Amino acid sequence: MAIQEQIKVWIYLTRRDKSGVRFLSQFRSKMEISPTRIKNIADLSIPTENIQKLDEIIFQSRLEWEPWIESANSFDVIKNKIKKRGYSNIPISFIPETGSNNINLTPEIHTSNLIQTKTMVRRQV
């Protein structure tokens, strides 16, 4: 039986005017997730101590920042994905505001409860 590879899932805040990004935390997951706006952090089945910290940060910055979740293999990949969506002032290196930047020390979350956004794929001509 093959062992499923753990995927890195990033939780971050983006400014509503697309002029900044703040990385809050990274977790492990078994399934990939496209960029999805987080409406309720409790849907992610994150440990309670992490939920409280993330909820506090999201609540304090709710007027100018939006919480997002997305999967990517590395920090460079997530930076490029965010940059392609038009955001600027992306941090050079990953320093989380909560949790650890070591993927082996981060807990596993279940993203199956999230309502994922559906995207259309443009066919290459």
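## Aromatic residues

With a relative accessibility of 11%, F75 counts as buried (buried means under 20% relative accessible area, exposed over 50%, partly exposed in between, with a 1.4 Å probe and protein chains only). The model is predicted: local features need pLDDT of at least 70, side-chain atom pairs count only at pLDDT 80 or more, and totals for chains, interfaces and linings use all residues. Residues are numbered from 1 along each chain as its sequence is written, and side-chain values use heavy atoms, with hydrogens and water left out.

Y12 and F23 form a tilted aromatic pair, 5.7 Å centre to centre with 50° between the planes (rings of Phe, Tyr and Trp, the latter by its six-membered ring, pair if their centres lie within 6.5 Å; planes under 30 degrees apart count as stacked, over 60 as edge-to-face and the rest as tilted). Y12 lies in strand β1 and F23 in strand β2, so the pair ties together parts 11 residues apart in sequence (strands are DSSP runs of E, at least two residues, and helices of H or I, at least four, numbered from the N terminus). Y12 is buried at 0% relative accessibility, and F23 is buried at 3%. One aromatic cluster is formed by W10, Y12, F23, F75 and F94.

## The β1–β2 hairpin

Strand β1 (residues 7-15) pairs with β2 in the antiparallel sense over 8 bridges (two strands pair if DSSP finds at least two bridges between them). The two strands form a hairpin with 5 residues between them, and K18 in the turn has a positive phi of about 65°. Of the 9 residues of β2 (residues 21-29), 7 are buried, so this strand is largely enclosed by the rest of the structure.
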